[in-house]
Amino acid sequence: AAGGGRTRDAIAILNECLTLVPGHAATLERLAVVHARGGDLESALAFWRQCRAALPDSARAHLGVGRTLLDLGRPAEAIDPISISTRLAPAFALAHQTLDLASQRNETWLPWYHSIRGSSQCRQRSRAWLGIARLSWVAA
């Protein structure tokens with residue numbers, strides 16, 4: 001784990017906090033971040049999901065779930081929670097950027113993405129298509 005002993009110490013302290021205040025969203029979020037930075041993405045995902053359950057209207061929690069799924073190489077699963085994040089906080093630029101990244105990494109989109117990627121004339125059209133595709137994911 002990155003940080004070695006400091007990471008273990010942080011996890012121990014945060015886990016102790018959870019025993020004192022079970023389901024505390026800020027503590028769950030910190031645990032997710034510490035685990036992700038330490039390379040334990042499955043644990044990070046579990047804590048992000050608990051954080052999202054504690055705060056279902058949190059754009060950050062939904063983005064955390066989606067970003068971790070993306071980091072785990074599961075872009076198709078990442079799109080839904082990231083889309084929810086963009087709906088909950090329309091001005092959250094990081095959520096929109098992450099949604100674009102997840103859309104590009106989703107293997108069902110790759111042939112289309114690679115076909116238009118090199119064409120400078122298609123940049124505006126590709127943004128429009130990504131917007132339409134994003135709407136279709138939201139509606140689904």
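## Overall layout

Starting at the N terminus, the elements of the chain follow the order α-α-α-α-α-α-α-α. That gives eight helices and zero strands, where helices (H or I, at least four residues) and strands (E, at least two) are DSSP runs numbered from the N terminus.

Please keep in mind that this is a predicted model, in which local features need pLDDT of at least 70, side-chain atom pairs count only at pLDDT 80 or more, and totals for chains, interfaces and linings use all residues. Residues are numbered from 1 along each chain as its sequence is written, and side-chain values use heavy atoms, with hydrogens and water left out.

Of the 140 residues in the chain, 36% are buried; buried means under 20% relative accessible area, exposed over 50%, and partly exposed in between (1.4 Å probe, protein chains only). Among contacts (heavy atoms within 4.5 Å) with a separation of 6 or more, 43% join residues 24 or more positions apart.

## The nonpolar core

A nonpolar core is a set of buried Ala, Val, Leu, Ile, Met, Phe, Trp, Tyr and Cys residues joined through side-chain atoms within 4.5 Å. The largest one here has 24 residues, and L31, F47, W48, C51, A78, I82 and A102 touch the most other members. Two or more residues each come from helix 1 (5-20), helix 2 (25-37), helix 3 (41-54), helix 4 (59-71), helix 5 and helix 6. Helix 2 supplies the largest share, six residues.

Let's look at F47: beyond its neighbours within four places in sequence, F47 is in contact with N15, L18, L28, L31, A32 and H35.

## Helix 5 against helix 6

Helix 5 (residues 75-88) packs with helix 6 (residues 93-105) at an angle of about 160°, and their axes are 9 Å apart. Axes are lines fitted to C-alpha atoms, for helices over the stretch in contact, and angles run from 0 to 180 degrees between N-to-C directions. The two helices are therefore roughly antiparallel, the word used for angles over 145 degrees.

From helix 5, the contact uses P75, A78, I79, I82, S83, S85 and T86, while helix 6 brings A95, H96, T98, L99, A102, S103 and R105.

## A buried histidine

H62 belongs to helix 4. Is H62 buried or exposed? H62 is buried, with a relative accessible area of 7%. Leaving aside neighbours within four places in sequence, H62 is in contact with R52, P56, P81, I82, I84, S85 and L88.

Notes. Angles under 35 degrees count as roughly parallel, over 145 as roughly antiparallel, 65 to 115 as roughly perpendicular and the rest as oblique.
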